[in-house]
Amino acid sequence: MTDTPAATTATNSTTATDPAGPGDGAAEAPQPRRRPALSPSRAGDFKQCPLLYRFRAIDRIPEPPTKAQVRGTLVHSVLERLFALPRGDRSPDRAHELLAPTWDELSRESPEWAELFAEDETGPDGNAVGWLDGAGKLLDAYFDLEDPNRLDPEACELHVETELGSGVRLRGYVDRLDVAPTGEIRVVDYKTGAAPRAIGEAKALFQMKFYAVVLWRTRGVVPRQLKLMYLRDGQDLAYTPDEDELARFERTLEAIWSAILTAGRTGDFRPSPSKLCDWCAHQALCPAFGGTPPEYPGWPEPTGGEETVLDRAD
Ligand code: SF4
């Protein structure tokens, strides 16, 4: 299996350079180039609707962030900081104290996020008052599900990447990785999104199996548990994968990547309407809603569709 629809050569992530780089002869250092890789978010997009994948990964049409997505990013960030504190200090009060400074930092890095809030929604310090309260409720729901003082994660917001035997590269970010003294691995994902759990559950399990395959291939251990924590409704879901299942899932990922490459050659990314269209930002360009997609721009060397921080906060 090749990496791109065009007959290009696969490149190494640390040494290869972009052949179409600066052409003015200036002595600029060649920029490292990342190999195309499948992420759980983009694989999930293609599975849900090939045209949605195209809009996000190829046309890269900007999607305005929603308040729910930004709140999810904030809550993920606070939980990451909470686990940086010593055991015993990880209390609900401490988590609430972390909200405002973490939001200050995030909104400095992405000022457009702060612009989501009208002046009448912000307090004297400029923070979005009611919205921060909503983030606080998600944190309270987290503490109802788990006592963070009883565990020390191996990592939070962990970048994971591997290449399957077929050459398909997989890349993603795990919210939290817990490793027991026995070596057993638990993958934890916090869900804060607005979509009803029943609609998002299959998508979430797909994402978790994706991480399980990457960890299995990089560490040689099948994760003991995949745990989804739904902070909006205060429920969790634990799932135990087995090796045969992950081997089958690996083949599913290879088939998805192969289908993406096939569609990438021709631009034939078809709409696949479903209930999830309610959360799609591209209805105006979608034939299923009477729209017309822009002209196909061709395959986007070299990424194949990266995840964003907002993807990770679904
Ligand atoms: S509106 Fe629905 S069918 Fe159209 S691109 Fe979005 S998800 Fe696909």
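At what angle do the axes of helix α1 and helix α8 cross? Roughly 70 degrees. Helix α1 is residues 40-48, helix α8 is residues 243-266, and their axes come within 10 Å. An angle from 65 to 115 degrees counts as roughly perpendicular, so α1 and α8 are roughly perpendicular to each other.

Before going on: this is a predicted model. Let me start with confidence. Mean pLDDT for the protein chain is 83. Of its residues, 79% reach 70 or more. Among the elements, strand β3, residues 185-191, has the highest confidence, with a mean of 96. Helix α5, residues 111-114, has the lowest, at 82.

Over residues 1-28, pLDDT stays under 50. The model still has 37 contacts for that stretch beyond four places in sequence. Where pLDDT is low, the predicted coordinates should not be read in detail.

Back to α1 and α8. Who touches whom? On the α1 side we have Ala-43, Phe-46 and Lys-47. They meet Leu-253, Ile-256 and Ile-260 in α8. By class, that contact has five nonpolar residues, one charged and no polar.

Helix α1 has another partner, helix α2, residues 50-58. Here the axes are 5 Å apart, and the packing angle is about 140 degrees. That makes α1 oblique to α2. From α1, the contact uses Arg-42, Asp-45, Phe-46 and Gln-48. From α2 come Pro-50, Leu-52, Tyr-53, Arg-56 and Ala-57.

Next pair: α3 and α4. Helix α3 spans residues 67-84, and helix α4 spans residues 92-109. Their axes come within 9 Å and cross at roughly 120 degrees. So α3 is oblique to α4. The crossing is right-handed. On α3, the contact residues are Thr-73, Leu-74, Ser-77, Val-78, Arg-81 and Leu-82. On α4, they are Arg-94, Ala-95, Leu-98, Leu-99, Thr-102, Trp-103 and Leu-106. Sorted by class, that contact has eight nonpolar, three polar and two charged.

Last item, the ligand. How many residues surround the ligand? There are 14. The closest are Cys-49, Pro-271, Cys-277, Cys-280 and Cys-286. What classes make up that shell? It holds 11 nonpolar residues, three polar and no charged.

How values were computed
Residues numbered from 1 in each chain as written. Predicted model: local features only at pLDDT ≥ 70, side-chain atom pairs only at ≥ 80, totals over all residues. pLDDT = per-residue confidence, 0-100. Helix = DSSP H or I, 4+ residues; strand = E, 2+ residues; numbered from the N terminus. Contact = placed C-beta atoms within 7 Å. Near = placed C-beta within 6 Å. Nonpolar A, V, L, I, M, F, W, Y, C, P; charged D, E, K, R; others polar. Axes fitted to C-alpha atoms, helices over the stretch in contact; angles between N-to-C directions. Parallel < 35°, antiparallel > 145°, perpendicular 65-115°, else oblique. Left-handed = near helix turned anticlockwise from the far one by under 90°.
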